Amino acid sequence: MSSWALYIAAAAALLLVLSPALMSTASGARAAADWRTADGVRAVLDSMLPGIRVRFSFGAAQGSDVITLSGRTVAVSYGSGTFSFRTRWELANATLDPAEGYLALFEGGVIEVVPGG
């Protein structure tokens, strides 16, 4: 067997051995980023007071998952589960895409989040 064939075989074996560990690390990092992002959105919404308007954005279009708002919950689903956070205020139902900016309005005891930040 030539040295090139041995090199290719060794590289392929190394990839097979390392791939599960690398995928696990990448998945864990993505879950941690989603947790921090959803908690940040929760913190922004919890800091609001009646009559206040806040413009905000989160994440990156390619690197973050959508966040859902419902009742008193901010949630984000990632590969193997969902993180959810309780909020101080009632939220209008919405799905937030990281590629957009948003305007949060606190009126009538409910926070509504609309595109346009």
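Where is the place of aspartate 46? In this predicted model, aspartate 46 belongs to helix α1, which covers residues 3-46. Aspartate 46 has a relative accessibility of 14%, and because buried means under 20%, this residue counts as buried. When its neighbours within four places in sequence are set aside, aspartate 46 is in contact with Arg86, Thr87, Arg88 and Trp89.

From the helix we can turn to the strands. Strand β3, residues 81-96, runs parallel to strand β5, residues 110-115, and two bridges join them; in this pairing, leucine 91 stands opposite isoleucine 111 of β5. Strand β5 also pairs with strand β4, residues 101-107, but here the sense is antiparallel and there are six bridges, with glutamate 112 in β5 as the bridge partner of leucine 105. Two residues lie between β4 and β5, which form a hairpin, and in its turn glycine 108 has a positive phi of about 65°.

The last step is to look at the nonpolar side chains. In soluble globular proteins, such side chains tend to be buried together. In this model the largest nonpolar core has 19 residues, and those with the most contacts inside it are Leu45, Phe56, Ile67, Leu69, Leu96 and Val113. At least two residues of this core come from each of α1, β2 (67-78), β3, β4 and β5. Isoleucine 67, leaving aside its neighbours within four places in sequence, is in contact with several residues, among them Val41, Phe58, Val76 and Leu96.

Technical notes: Residues numbered from 1 in each chain as written. Predicted model: local features only at pLDDT ≥ 70, side-chain atom pairs only at ≥ 80, totals over all residues. Heavy atoms only, no water. Helix = DSSP H or I, 4+ residues; strand = E, 2+ residues; numbered from the N terminus. Buried < 20%, exposed > 50% of the residue type's maximum accessible area, 1.4 Å probe, protein only. Contact = heavy atoms within 4.5 Å. Pairing = 2+ DSSP bridges. Core = buried A, V, L, I, M, F, W, Y, C linked by side-chain atoms within 4.5 Å.
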